[in-house]
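User: I am new to reading structures, and I would like to learn how to look at a core and a sheet. Could you take me through them one feature at a time?

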Amino acid sequence: MSRVLLLSLMTAGLYGCAACYGDLPTNNKNDDDDNTDTAVEDTAVEDTGPVDTGPPPPCAVPEEEPNNSVTDAQKLPLERWACGVLLEQGDLDYFYFDVPTAGWYRVWVRGQDIGSSSDLQLAFSNTTSTYTALATTSPNSLDPQIVFYAEGADRFQVSVADTFYGYGDDYIWEMMATESKEPVDWNVVEDEWVGSGGSNDALVDGEPVEDGDQILGVLNPGSDQDFYIIDLPAGDVSLVAQVHAWNYGSPLYSTLRVFDMDGTELRERSYGGSGLDYDPKLTYKTTGPVQLAVQVDVQNNAGGGGLSHWYMLELAVEDTASE
Ligand SMILES: [Ca+2]
Ligand SMILES: [Ca+2]
Ligand SMILES: [Ca+2]
Ligand SMILES: [Ca+2]
């Protein structure tokens, strides 16, 4: 399928199904913002301003116990700090926030950075459970964050807890939900997400992609897996495939596999290059011309799923004849 036709179909699906899929992300590859290589930045938001009299409040939205269930969740306006403490065994602190329009948002919790004794975790969902996630760490921090794309106005529930059931006066936390810039660049949105291409769960239904594509996709609830098909040219070539997700705030822990078109697995990776990196990258060296299938799958330990679990799959073909 030609790229023009593919894009046309994608666009048709985008607008033809607006009611059932909400506002899906359009390609942002032509944006002026050059944010390909930058991880999601901490949005610089001031704490609450000084008060004229009396001690300053600890934050804009201090928790009000009891808040241990979703029915007692407190409202958290966007761009405001909530704060609280996990004071008793089993303490769980629920909030909700509303997003007004489709777009990228970020919710994050900090404890390590403010001297908390807690190893915090953040549970996240919307009222229809099309988003469900549990975040425990971020790149370079024990403090969890979730960056996600909302398809339209929606209400999200979040709860803060200690990963190891700890509690006490010094188990403090702060939390904020904000708008976010687009965490990655992409030039293709997964057909399965857009709704124009049907399921890509099987190799034979893989979505055709090309060298240089940056595909924005999601791993939906249940047992979603996403196959993409790429043609490699003649000669000694390498396919380089990389997932960008966890490093940019997605709760997704993914596995990347390459198959031949008979379904034989050729390569699998679940981690990146070094250290604690849950975004897999793999290189598969071969001799073309050959057609290969690339699969993005959920790791067994991932948990959760849904629209919160987005990824960007970057594909490149390198000529290795001179190596
Ligand atoms: Ca509390
Ligand atoms: Ca509580
Ligand atoms: Ca998918
Ligand atoms: Ca799929």
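User: How many residues does the largest nonpolar core have, and which have the most contacts inside it?

Analyst: A nonpolar core is a set of buried Ala, Val, Leu, Ile, Met, Phe, Trp, Tyr and Cys residues joined through C-beta atoms within 7 Å, where buried means that 20 or more other C-beta atoms lie within 10 Å of a residue's own (exposed: 12 or fewer; partly exposed: in between), with C-beta atoms placed from the backbone. Here the largest such core has 74 residues, and Phe 124 and Leu 313 have the most contacts inside it. Because domain 1 (3-21 + 184-319) and domain 2 (61-179) both give residues to this core, it lies between them; the domain bounds come from an automatic or database domain assignment.

This is a predicted model, in which local features need pLDDT of at least 70 and side-chain atom pairs count only at 80 or more, while totals for chains, interfaces and linings use all residues. Residues are numbered from 1 along each chain as its sequence is written, and chains are lettered from A and ligands numbered from 1 in the order in which they are written.

User: In what order do the 5 strands of the open sheet stand?

Analyst: Strands (E, at least two residues) are DSSP runs, as are helices (H or I, at least four), numbered from the N terminus, and two strands pair if DSSP finds at least two bridges between them. The order is β1-β3-β10-β5-β8, with mixed pairing. β1 (61-62) and β8 (145-150) each have a single partner strand, so one side of each is left without a neighbour in the sheet.
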